Amino acid sequence: MTVASPASLYSDLDVEWTLDAPLAPHTWYGVGGRADVLIRPRSLEALTTLVRRCRRDDVPLRVLGSGANLLVDDEGVDGVVVKLDMPFFKAVEWNVDGRVERLRAFGGAAMEQLVQQCARRGVRGLEQMSGIPASVGGAIRMNAGGKFGAIGDAVDAVAVLGLDGEVRVYPREEIHFGYRHTSIPHGIIVWASFRVAEDDPIACRERVLEIFAYKKSTQPMGAASAGCMFRNPTMPDGKVESAGRLIDLAGMKGTRVGAAIVSPRHGNFLAFDKEWNIGTDEGSAGASSVASRTDDMRRLVEMVQDAVRAKFGVELETEVVFWRRGERP
Ligand SMILES: Cc1cc2nc3c(=O)[nH]c(=O)nc-3n(C[C@H](O)[C@H](O)[C@H](O)COP(=O)(O)OP(=O)(O)OC[C@H]3O[C@@H](n4cnc5c(N)ncnc54)[C@H](O)[C@@H]3O)c2cc1C
């Protein structure tokens, strides 16, 4: 715990907090260090006051979704990490304004559950998110999606709590959604409303299952990963190429650094081998103890970037977000 996040920032607010909180259990990678303080606000008022105070005192503030696109440094992160997993921030409102086509979900709502609930109710519009682990806020921040579309396709409006502590609502027309990117300004996504439609629940469910089956057949969903590590690059001829294909052609599938490995199944999935350092001499005596596994991944990322640069002359950019102590979020 550093002086960067004094208790006076949050101790009188309607929040739960944990000092020196391990972040590994909150991420899909399951590695990385601790946050000086992890704060779980119970209300928008508490969150707004916290954001204002962090700005006033120049304390770094990060927001954690479901941790499916995040690699936290072994040294953890400084300042405040906010997690929107209290009931207020996980709410979903159906039939907003009495219209079935209007659905509003708060930033901490789980995308997987929302997709399932939509299918059960016969609501079409978010099935492209089937099989993508995310909170609503994290999915919008990343414009998560794939072959069947992205979340941005369904967005009607997004409410963002800016770093100045003001909530602003951005209608769809004012937001640019690009490839794993949105123009939504920096801040905390509090809620989003979606344009959906009524449909036959059986048809909705079939579509969700179909998309999930496709994902499962093409990606190692059970691995300790964050999905695709790299963005698909634009090649010198202007065409967008699959990063996974380039990694495969560069001969990097199966390459390992300590516990970090390029999936032999999908070149763009850089995962942790959960079994690797259990009871092996290398695991227990080598540099890559459990505590240093984020470092293994960083080195593997660099090796893959070097190999693809050497073979194809293109730079692979990471899609996964890296959190490091001392870096401004
Ligand atoms: C097995 C697996 C498969 C995957 N498949 C896909 C796929 O097919 N397509 C795809 O696009 N992605 C995929 N991913 C990556 C991941 O699902 C998405 O990037 C998702 O959007 C991450 O959401 P999250 O809530 O987990 O965000 P986190 O990982 O928690 O955070 C990611 C970023 O979003 C920010 N953020 C989180 N919540 C908020 C908020 N409320 N307001 C503002 N910023 C916020 C964080 O600060 C961080 O910068 C996959 C990941 C895994 C583990």
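Contact here means heavy atoms within 4.5 Å. This is a predicted model, in which local features need pLDDT of at least 70 and side-chain atom pairs count only at pLDDT 80 or more, while totals for chains, interfaces and linings use all residues. Residues are numbered from 1 along each chain as its sequence is written, and side-chain values use heavy atoms, with hydrogens and water left out.

**View 1. Where domain 1 meets domain 2.** The protein chain is split into domain 1 (7-83), domain 2 (90-218) and domain 3 (243-323), with bounds from an automatic or database domain assignment. Between domain 1 and domain 2, 13 residues of the former are in contact with 13 of the latter. Their C-alpha centres lie 24 Å apart.

**View 2. The area buried between domain 1 and domain 2.** Buried area is the accessible area (1.4 Å probe) that two parts lose on being put together, summed over both. Here it comes to about 1100 Å², with 71% given by carbon and sulfur atoms. On the side of domain 1, Val-51, Arg-52 and Arg-55 lose the most area to domain 2, together 33% of what that side buries.

**View 3. A salt bridge between Arg-52 and Glu-166.** Look for the side chains of these two residues, which meet at 3.4 Å, N to O. A salt bridge is a side-chain nitrogen of Lys or Arg within 4 Å of a carboxyl oxygen of Asp or Glu. The count between domain 1 and domain 2 is 1.
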